[in-house]
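This report describes the fold of one protein chain, element by element. The sequence and the model come first.

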Amino acid sequence: MHYFHTNAFLILFEDLEKYKSLDFYARQIVEGFLTGLHRSPFHGFSVEFAEHRQYSIGESTRNIDWKLYGRTNKLFVKRFEEETNLRCQLIIDHSSSMMLPPEGQGDPKNPNKITFACYAAAVISELLVRQRDAFGLSLLSDGIDLQTECRSSRTHQQYILQLLEQELRKESPSGRRNDAPMLTTNITEALHLTAEQLHKRSLVVLFTDAIVKPSDQDPLMDALRHLRHCKHEVLLFHTLHHSQEVAFDYPNRPTEFIDLESGRHLKVQPSEVADTYREMMNRQTADIKQHAIQYRIDYQPVDVGQGFEQVILPYLLKRSRHH
């Protein structure tokens with residue numbers, strides 16, 4: 001007979017639940033989403049979207065899948081491997097600001113920004129491997145901290161998921177004293193390097209909160225434009241915690257804020273700065289969106305509290321236009 005401490009066992013169980021296989025989550029989310037698509041207006045995306053495309057009037061009927069026609073009453077053409085394959089680079093900004101809120105680190109039920117990005121990337125990797133598309137992973141901060149090769153196998157996906165799980169287990173940064181040296185992270189240079197190193201035309205899927213100093217806003221946009229200049233398609237998921245970063249929803253009492261980038265502490269009354277903060281945040285978001293439209297970048301704001309499914313349809317639409 002084995003004995004165990006009840007509280008310790010519960011803690012272990014909760015930890016296992018928190019870090020339940022990314023593979024499991026990704027497959028469940030994708031299956032649920034694709035099942036939902038069968039009942040939606042988006043009939044072009046079926047479970048078999050990796051192997052078929054809709055028939056266009058005037059083209060040869062030689063490759064029509066008549067069995068699928070019998071089941072769906074729609075004409076689909078069998079897709080050949082060269083039609084379905086593309087290269088996709090999943091890029092995650094893992095600077096300290098992406099760890100807001102710190103208590104959401106590694107928790108898929110109440111994720112912080114980096115946790116959302118990792119799970120969302122895992123979901124997209126499931127779509128990629130089903131479509132036999134080659135994909136790689138990059139983690140950026142001040143530089144390129146990790147960049148893998150692009151491959152299309154399940155084995156490669158498992159390797160990517162392991163790297164994402166390692167990221168989920170990182171500890172959130174702790175605050176430093178007010179007299180500590182200023183340490184901020186800027187992914188601008190890393191994006192420039194990435195644009196140069198992706199030698200083949202790729203679909204770049206970027207998760208970032210785009211939080212930089214006002215003086216670094218234009219250089220960040222220039223780095224995104226560099227990706228487009230190098231002929232890469234870009235899908236930008238602007239990853240924010242809506243209640244804390246956009247709505248600035250805090251109790252109206254003296255509150256101490258900690259900058260996760262610099263570690264500086266600041267005590268303020270939220271109501272006294274809320275209007276100014278929201279105006280600044282709305283202006284910054286509008287500026288990013290405007291530049292994205294100008295550079296023909298697909299811009300998609302995401303709220304980390306709204307579930308990982310919200311990245312799937314923008315990705316599928318972008319992929320369909322990439323061919």
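## Pairing and overall content

Two strands count as paired if DSSP finds at least two bridges between them. The model discussed here is predicted.

The secondary structure of the chain comes to 11 helices and 10 strands. Of the 323 residues in the chain, 48% are buried. Among contacts with a separation of 6 or more, 73% are between residues 24 or more positions apart.

Strand β8 (residues 255–258) and β9 run antiparallel and are joined by four bridges. Glu256 has Lys267 as its bridge partner in β9. The two strands, β8 and β9, form a hairpin with six residues between them. Within that turn, Gly263 has a positive phi of about 80°.

Gln269 lies in the loop between β9 (265–268) and α10 (270–294). Is Gln269 buried or partly exposed? Gln269 has a relative accessible area of 21%, and the buried class requires under 20%, so Gln269 counts as partly exposed. Leaving aside neighbours within four places in sequence, Gln269 is in contact with Asn252, Arg253 and Pro254. With Asn252, a polar contact of 3.1 Å joins the two side chains. The C-alpha atoms of Gln269 and Glu256 are 8.8 Å apart, with 13 residues of separation along the chain.

## The β4–β5 hairpin

A second pairing in the antiparallel sense links β4 and strand β5 (residues 144–147) over three bridges. Leu140 has Ile144 as its bridge partner in β5. The hairpin that joins β4 to β5 passes through three residues.

Strand β6 (residues 203–208) is mostly covered, with six of its six residues buried. In a regular strand the side chains alternate between the two faces of the sheet. In β6 both faces are covered: Leu203, Val205 and Phe207 are buried on one side, and Val204, Leu206 and Thr208 are buried on the other.

Which strands run parallel to β6? Strand β3 (residues 87–93) is joined to β6 by five bridges in the parallel sense, and Leu90 has Val205 as its bridge partner in β6. Strand β7 (residues 233–240) also runs parallel to β6, with six bridges between them. Leu206 has Leu236 as its bridge partner in β7.

Helix α8 has 13 residues and reaches 18 Å from its first C-alpha to its last, close to the 18 Å expected at 1.5 Å a residue.

The buried residues of α8 are Gln217, Leu220, Met221, Ala223, Leu224, His226, Leu227 and Arg228. Their cover includes α7 (188–197), β6, β7 and α10. Just after α8, Lys231 takes a positive phi of about 75°.

## Helix α5

Helix α5 (residues 113–130) has 18 residues and spans 26 Å between its first and last C-alpha, close to the 26 Å expected at 1.5 Å a residue. Why is α5 described as largely enclosed by the rest of the structure? The description applies because 18 of the 18 residues of α5 are buried. Just after α5, Arg132 takes a positive phi of about 60°.

In soluble globular proteins, nonpolar side chains tend to be buried together. The largest nonpolar core here has 49 residues, and Ile92, Ile124, Leu164, Val205, Phe207, Val311 and Tyr315 touch the most other members. At least two residues of this core come from each of α2 (22–38), β3, α5, β4 (134–140), α6 (154–168), β6, β7 and α11 (312–322). Helix α5 supplies the largest share of this core, 13 residues. Apart from this core lies another, of 23 residues, among them Ala195, Ala210, Ile288 and Tyr299.

Contacts of Ile124 show how the elements meet. Not counting residues up to four places away in sequence, Ile124 touches Leu90, Val205, Phe207, Phe237, Val311 and Tyr315. Two of these, Val205 and Phe207, are buried on one side of β6, and Val205 is also the bridge partner of Leu90.

Conventions
Residues numbered from 1 in each chain as written. Predicted model: local features only at pLDDT ≥ 70, side-chain atom pairs only at ≥ 80, totals over all residues. Heavy atoms only, no water. Expected span 1.5 Å × (residues − 1). Buried < 20%, exposed > 50% of the residue type's maximum accessible area, 1.4 Å probe, protein only. Core = buried A, V, L, I, M, F, W, Y, C linked by side-chain atoms within 4.5 Å. Contact = heavy atoms within 4.5 Å. Polar contact = N/O pair within 3.5 Å; in protein donor to acceptor, adjacent residues only side chain to side chain.
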